[in-house]
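Subject: Structure for you to look at

Hi,

Here is the structure I promised. Please open it first, then read my notes below.

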Number of protein chains: 4
Amino acid sequence: MINNDISAASPGVSEPGPPRRRLPAATRVTQILDAALQVFSDKGFASARLDDIAEAAGLSKGGVYTHFASKEEIFGALLKRLIQPPMPAAPEALADEEPVTVDLLVRRVVEPMYQSLGDPSVLQAVRLLLANGTRVPQAFDQWHQTMFEPHIADVARLLQRGVRQGTLRRSAITHAPRLILSPGIHAMLDGVVRGPVAPDAIAEWKRLHVAMLRELLTP
Amino acid sequence: MINNDISAASPGVSEPGPPRRRLPAATRVTQILDAALQVFSDKGFASARLDDIAEAAGLSKGGVYTHFASKEEIFGALLKRLIQPPMPAAPEALADEEPVTVDLLVRRVVEPMYQSLGDPSVLQAVRLLLANGTRVPQAFDQWHQTMFEPHIADVARLLQRGVRQGTLRRSAITHAPRLILSPGIHAMLDGVVRGPVAPDAIAEWKRLHVAMLRELLTP
Amino acid sequence: MINNDISAASPGVSEPGPPRRRLPAATRVTQILDAALQVFSDKGFASARLDDIAEAAGLSKGGVYTHFASKEEIFGALLKRLIQPPMPAAPEALADEEPVTVDLLVRRVVEPMYQSLGDPSVLQAVRLLLANGTRVPQAFDQWHQTMFEPHIADVARLLQRGVRQGTLRRSAITHAPRLILSPGIHAMLDGVVRGPVAPDAIAEWKRLHVAMLRELLTP
Amino acid sequence: MINNDISAASPGVSEPGPPRRRLPAATRVTQILDAALQVFSDKGFASARLDDIAEAAGLSKGGVYTHFASKEEIFGALLKRLIQPPMPAAPEALADEEPVTVDLLVRRVVEPMYQSLGDPSVLQAVRLLLANGTRVPQAFDQWHQTMFEPHIADVARLLQRGVRQGTLRRSAITHAPRLILSPGIHAMLDGVVRGPVAPDAIAEWKRLHVAMLRELLTP
DNA sequence: AATGAATGAGTTTTCATTCAT
DNA sequence: GATGAATGAAAACTCATTCAT
């Protein structure tokens, strides 16, 4: 059966609508990728419609094609932006004599993780990668390599040193550095799955995470 | 592994053929509704194929969806157009002193009806409404309100006045103005059922209709 | 987006349900045609689904095929039943000397019409024929021949006689007997279009119809 | 004339090919959902074609619609099946006097988790949920409630008791029971992201997980 | 006779992509 | 650079009809 309101039946004989502002390409690209992050992360690659992205970016579908040749290309560019540069600030080198304490680990490893958790766009990115990363298999590996491995390698080095220095106790964690991230990853998944985590919930996760590390690693 | 082979992801990976002329939306909408009237009234709502409508409108099936969200919506818009504006030209007001004679009634009420009967597209519209109107619940009521009630209200006023002026005799018709339309409606139904009425058949219906009114209303 | 209630998601793993009573074929056929009248008249031939008819008839879709070979065949059988026997009770012959008065015309012609209008299934049948009759072109003619022509022929004869006898006045109606039906047809269309007419509305239509005939035909 | 050529009216005027085996609805529904799990988790909701599901389930596309009204409905039913009943076997009650040791926790909590990790269909389900869960709004919450909360509530009770009994040490974990799952969840995510985890990798994750718990909870 | 699962051809609908303006 | 009408191929969905049970 049809829409009840006959008077609402005729289609939008849309007046052209003021052509939107012509912007520098770089700006548009950024807007489009921002929009794409939203839409891809919400619906996944296949369900995302160019119209959705265009609307979220504030231009028309055709306008998007001025900047990208295809949906795939948008996705690719987005992945590149997510994976590559800004996110994982290279950890600054450590002074040779500085002792590796739990506090140091917390500052260098734990705090940044929970920092990220507070940023919705990080959760969005993670969701995007979890849900669509397999579309570009290398993306995953690369993500892993860029996001985690350096981190973990760094952690591993720190743990070794702490143990050698006697400032850290030997523990399951010193044998498997990745474990140091587990509660944070747990919290992240929680955020991805159940929506952004409230700031005080984040603080609580972190507090417990730190407490646990202290128990495990304090000599 | 998840697969999600990129090459299998999105539809439409083909070069479109030569697009037909691009028209302003309002024009296309009109064309589509014109086509829809033909097709719907020829085959009925359910048997009408979007392809037919598209072809009759001179664009592709997909192109129709640029202007209407569904077949139902086309139908609704068509009914709206049929029912609403252009048909019932508001009867021009009557000079205060002009006497309401049978001749006046004939000119204002009877002739326009038989005029319509000669127009195939009117019969088409009526047929469409009769055959498919139940699909849009209020269509009938609205049709009635737009097509008949103003007419009848006008007639009622005229009859009152004529009786008051003594230029019309009191009659069953002056008590139930709708009766003044009955032979015309009879003729219309005949046209709907048995195909367009030949011009001289129409003339004959009208002649008799007028004769009958004269018998009933001449003082 | 999906149905909100996950718990309601699984499809009806319908237990076979008690096989419905096995009935004599003739009974079933009647039930099916009754159901078909409802459904065809409501939705039109093309939009009517076998499932609808089956459900309205109280058996399964497959069951319908036990009695009819196709949807078309159901429609055909229904038309036959509508057109053929029961409806137009042959008007009993008139005693040679009986004078043809307006009262006689009312009893023989007008009253039966308004009788029918009170019967919803008659309106249904009319709607069915109006909406779908063109599907079987002969149906229309046949309907016309069966339903109206004998009637009108009868009326024509009566009118002639009345005029000859001096019991009826010469009038537009005596020249075009079909006009005698016009207000009734008008009322019928009203019923078809706007739903069954209330009993007192019918009475009112009839009263006015009779009054009009009296004005026209009383010598 | 109205046309409505009978021969152009209804679809499907063809002799169907040999129907495949006819099965009880419940069986088919299971098969279809099994197929859907494969296809959806392989391609994601939007890229999964009904044809794929039908083929994988061993019937025709139309056949699928005998059991489900839409692709969405299949997806909903699948999620329901994944989320709801069979997975979380209710933990058997604990004898009143039995002491809650780390070993007990390992048997009741840790081992089952890693058991699941070895099961590809569990990873498949998790991946499906992560990638497409937003499509069914409550899916995530419900998943959480069904999968984790009972587990965690159970763990919380056990930890309380162990602490009271003196068989477990107070620790960050005894304050936040969910932490007991963290390394397992980390491993699961790893499996989801990088493909099924090799059995000995699982064993290694578990070994370390247990070691960590021992460090934290042994009095 | 009746049921309801299954088929398959037809039809509607979607949407990435193109291109005249 | 931007718009939005138009295309066309793919995918979802419908339903008369068949037939094993």
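How many salt bridges does the rule find across the interface of chain A and chain D? The rule finds 1 there. A salt bridge here is a side-chain nitrogen of Lys or Arg within 4 Å of a carboxyl oxygen of Asp or Glu. The pair is A:R194 with D:E149, and their closest N and O atoms are 4.0 Å apart.

Some ground rules. This is a predicted model, in which local features need pLDDT of at least 70, side-chain atom pairs count only at pLDDT 80 or more, and totals for chains, interfaces and linings use all residues. Residues are numbered from 1 along each chain as its sequence is written, chains are lettered from A and ligands numbered from 1 in the order in which they are written, and side-chain values use heavy atoms, leaving out hydrogens and water.

Confidence

pLDDT is the predictor's confidence in each residue, from 0 to 100. Chain A averages 86, and 86% of the residues score at least 70. Residues 1–17 of chain A fall below 50; beyond near neighbours in sequence, that stretch has 32 contacts in the model. Contact means heavy atoms within 4.5 Å.

The A–D interface

Chain A superposes on chain D by a rotation of 176° with 0.2 Å of shift along the axis, at an RMSD of 0.9 Å.

On chain A, 34 residues are in contact with 36 residues of chain D. The buried area is about 3200 Å², with 69% from carbon and sulfur atoms. This is the accessible area (1.4 Å probe) that two parts lose on being put together, summed over both. In chain A, A:R178, A:H186 and A:V193 lose the most area to chain D, together 18% of what that side buries.

Within chain A

The structure holds 43 salt bridges over all chains. One to check is A:R135 with A:E72, whose closest N and O atoms are 3.2 Å apart. It links distant parts of the chain: A:R135 is in the loop between α6 and α7, A:E72 is in helix α4 (residues 71–83), and they are 63 residues apart. Helices are DSSP runs (H or I, at least four residues), numbered from the N terminus.

Best wishes

Technical notes
Copies are superposed by least squares on the C-alpha atoms of residues with pLDDT of at least 70 in both. Helices (H or I, at least four residues) and strands (E, at least two) are DSSP runs, numbered from the N terminus.
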